[in-house]
Amino acid sequence: MRVVDRCPDCGLDVAAADSGDGPAVFLIFILGFTLVPAALIFALKVDWPLWVLLLIWGPIIIGATLGLMRPAKALTIAAQYRYRRDQFGGDEGGEG
């Protein structure tokens with residue numbers, strides 16, 4: 001996913017911000033610990049064929065992952081700005 005070059009509100013140059021694989025790793029852990037147990041519990045409660053469960057849970061998991069990727073990337077870049085502000089070439093001072 002692409003990040004804008006500059007923040008439209010404050011003008012901060014975020015083109016050089018690199019979140020790497022952080023958002024994907026966070027989502028793997030968060031969704032893995034929430035949706036996989038939910039899918040397993042659901043599969044134990046109902047007696048449906050495996051292909052029906054895959055048709056139901058596949059889009060839910062893919063949709064949750066794609067839907068949360070952009071906010072996770074934004075949070076990762078915000079944390080990078082908060083704790084490694086010198087990488088943005090802006091104000092060296094501030095909170096923290």
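In which helix is valine 36 found? Valine 36 belongs to helix α1.

This is a predicted model in which local features need pLDDT of at least 70 and side-chain atom pairs count only at pLDDT 80 or more, while totals for chains, interfaces and linings use all residues. Residues are numbered from 1 along each chain as its sequence is written, and side-chain values use heavy atoms, with hydrogens and water left out.

**Figure 1. Overview of the chain.** The chain contains two helices and zero strands; both kinds of element are DSSP runs numbered from the N terminus (helices H or I, at least four residues; strands E, at least two). Of the 96 residues in the chain, 19% are buried. Here buried means under 20% relative accessible area, exposed means over 50%, and partly exposed lies in between (1.4 Å probe, protein chains only). The accessible surface of the chain is about 7,200 Å², and carbon and sulfur atoms hold 66% of this surface. Accessible areas come from the Shrake-Rupley method with a 1.4 Å probe; for residues, only the protein chains shown count as cover. Among contacts with a separation of 6 or more, 52% are between residues 24 or more positions apart, a contact being heavy atoms within 4.5 Å.

**Figure 2. The largest nonpolar core.** Six residues make up the largest nonpolar core: Leu27, Leu31, Leu35, Ala39, Trp57 and Ala72. Helices α1 and α2 (50-83) are the elements that give two or more residues to this core. Helix α1 supplies the largest share, four residues. Such a core is a set of buried Ala, Val, Leu, Ile, Met, Phe, Trp, Tyr and Cys residues joined through side-chain atoms within 4.5 Å. When neighbours within four places in sequence are left aside, alanine 72 is in contact with Pro23 and Leu27.

Figure 3. Val25, Phe26, Phe29, Ile30 and Phe33 make a nonpolar surface patch of about 540 Å². Patches are made of residues with over 30% relative accessible area and no salt bridge; like charges are joined within 9 Å, and nonpolar side chains (Val, Leu, Ile, Met, Phe, Trp, Tyr) within 5 Å. A salt bridge is a side-chain nitrogen of Lys or Arg within 4 Å of a carboxyl oxygen of Asp or Glu. Phenylalanine 29 lies in helix α1 (residues 22-45). The count of aromatic pairs comes to three. In one of them, the ring centres of phenylalanine 29 and phenylalanine 33 are 6.3 Å apart and the planes are at 10 degrees, so the pair is stacked. Rings of Phe, Tyr and Trp (its six-membered ring) pair if their centres lie within 6.5 Å; planes under 30 degrees apart count as stacked, over 60 as edge-to-face and the rest as tilted. Both phenylalanine 29 and phenylalanine 33 lie in helix α1, four residues apart, about one turn of the helix. At 48% relative accessibility phenylalanine 29 is partly exposed, whereas phenylalanine 33, with a relative accessible area of 64%, is exposed.

Figure 4. Phenylalanine 42 and tryptophan 48 form an edge-to-face aromatic pair, 5.4 Å centre to centre with 75 degrees between the planes. Phenylalanine 42 is partly exposed, at 27% relative accessible area, and tryptophan 48 is partly exposed, at 41%. One aromatic cluster is formed by Phe42, Trp48 and Trp57.

**Figure 5. Aspartate 5 in the segment before α1.** Aspartate 5 is found in the segment before α1 and is partly exposed, with a relative accessible area of 42%. Its C-alpha atom and that of alanine 15, 10 residues apart along the chain, are separated by 4.3 Å. Not counting residues up to four places away in sequence, aspartate 5 touches Leu12, Asp13, Val14 and Ala15.

**Figure 6. Phenylalanine 88 in the segment after α2.** Phenylalanine 88 lies in the segment after α2 and counts as buried because its relative accessibility is 11%. The C-alpha atoms of phenylalanine 88 and leucine 12 are 8.2 Å apart, although the two residues are 76 residues apart along the chain. Beyond residues up to four places away in sequence, phenylalanine 88 touches Leu12, Asp13, Val14, Ala17, Ile77, Gln80 and Tyr81.
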